[in-house]
Amino acid sequence: MGPLFFLSVLVLSTIIERSWFWLRFLLKEGQILNRIMDTADRNWDLVPKIAREYRNHPIGNYLYSPLRLTNPDPEVFHLALESAADDELALMRRGDKILEAVIALSPLLGLLGTVLGLIGSLSSIQISDLGTASTAGVTLGIGEALISTAVGLIVAIVSLVFYRIFQSLWFNQVRVFRKTGSELEVIYRQHWLKIGDNHSPISPDLEPSKTAEH
């Protein structure tokens, strides 16, 4: 029961921390995306300034990573987006390994506690005691030994439920990151082509015909 109590406290702290993270994340995500993408459609030059204001938010930091570069090649812009997405999505999975470990360990610890309890209870039984009142304590000991298995299963089930919830939220963010990154990349490619057209050399006019000699 001691290790199970420790795992239950660990799981509870992880669930609270992750729930608070996702709550704050989802409440601001829509507002940030709308403002940055609307600005990108209207005036690309203002996008880096707007995205810089939301660097503390994962989606804002993800979009700002390529925008901090000065007129990068579209391929460099794409690579910067991918690198930032990998970093932010990895940070979003913080705490998953703890939940995975608890899901695997807590039922085994509960079963181990039950087995040890049964060994301790049954070791005191003698054949001559069967059917007498002296076996009442053994029955009580067996019931107490089964408590550790129940606790282990409860901890594992709760951990699994929240683990699946956090996983579904994470997979949804993978889709959001890909969709938003693709839209921003398309807008930037259009902007980059306009910059290239503005800086392309103007073809010289045809040489004027020579004036007639006087």
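# Ser 148 and other labels in a predicted model

Analyst: In this predicted model, a polar atom of the Ser 148 side chain lies 2.9 Å from the backbone oxygen of Gly 110.

User: What makes this pair, the backbone oxygen of Gly 110 and the side chain of Ser 148, a polar contact?

Analyst: A polar contact needs N or O atoms within 3.5 Å, one able to donate a hydrogen and the other to accept it. The distance from Ser 148 to Gly 110 is 2.9 Å, so the pair meets the distance limit.

User: Where is Ser 148, and why is it called buried?

Analyst: Ser 148 is found in helix H6. Its relative accessible area is 5%, and buried means under 20%, so Ser 148 is buried.

User: Why is Thr 114 called buried, and what does its side chain contact?

Analyst: Thr 114 has its place in helix H5, residues 96–122. Its relative accessible area is 5%; the limit is under 20%, therefore Thr 114 counts as buried. Its side chain makes a polar contact with the side chain of Thr 149, at 2.3 Å.

User: How do you know whether Thr 39 is buried or exposed?

Analyst: Thr 39 is part of helix H1, residues 2–42. At 8% relative accessibility it falls under the 20% limit, so it is buried. Its C-alpha atom is 9.7 Å from that of Ala 51, a residue 12 places away in sequence.

User: What is Asp 87 called, and why?

Analyst: Asp 87, in helix H4, has a relative accessible area of 47%.

User: How do you know that the length of H4 agrees with what its residue count predicts?

Analyst: H4 has 19 residues, and at 1.5 Å a residue these should span 27 Å. The C-alpha atoms at its ends are 27 Å apart, so the two values agree.

User: Which residues of H4 are buried, and why are they said to line one face?

Analyst: The buried ones are Pro 74, Phe 77, Ala 80, Leu 81, Ala 84, Ala 85, Glu 88, Leu 89 and Met 92. Viewed down the helix axis they fall within an arc of 150°, so they line one face of H4. As background, an α-helix has 3.6 residues a turn, so residues three or four places apart point the same way. On the face of H4 turned away from the buried side are the exposed residues Leu 79 and Asp 86.

User: What makes H3 "mostly covered"?

Analyst: Of the 10 residues of H3, 9 are buried. These are Pro 58, Ile 59, Gly 60, Tyr 62, Leu 63, Tyr 64, Ser 65, Pro 66 and Leu 67. For the protein chain, buried residues make up 35% of 214.

User: What makes up the lining of the largest pocket?

Analyst: The largest pocket holds about 230 Å³ of space. Among its 13 lining residues, Tyr 62, Glu 82, Ala 85, Phe 177 and Arg 178 are the closest to its centre. Helices H4 (74–92) and H6 (136–199) are the elements that give two or more residues to this lining. By class, the lining of the largest pocket has 6 nonpolar, 3 polar and 4 charged residues.

User: What lines the second largest pocket?

Analyst: The second largest pocket has about 180 Å³ of space. It is lined by 13 residues, and those closest to its centre are Trp 44, Pro 48, Leu 67, Leu 69 and Asn 71. H3 (58–67) and H6 each supply at least two of the lining residues. The classes here are 8 nonpolar, 3 polar and 2 charged.

User: How many helices and strands does the protein chain have?

Analyst: The chain has 6 helices and 0 strands.

How values were computed
Residues numbered from 1 in each chain as written. Predicted model: local features only at pLDDT ≥ 70, side-chain atom pairs only at ≥ 80, totals over all residues. Heavy atoms only, no water. 1 Å grid on protein atoms, 1.4 Å probe; cavity = no way out; pocket = protein on both sides within 12 Å on 5 of 7 lines; lining within 4 Å. Points joined across faces, edges and corners; volume = space filled by probe spheres on them. Helix = DSSP H or I, 4+ residues; strand = E, 2+ residues; numbered from the N terminus. Nonpolar A, V, L, I, M, F, W, Y, C, P; charged D, E, K, R; others polar. Expected span 1.5 Å × (residues − 1). Buried < 20%, exposed > 50% of the residue type's maximum accessible area, 1.4 Å probe, protein only. Arc of directions from axis to C-beta.
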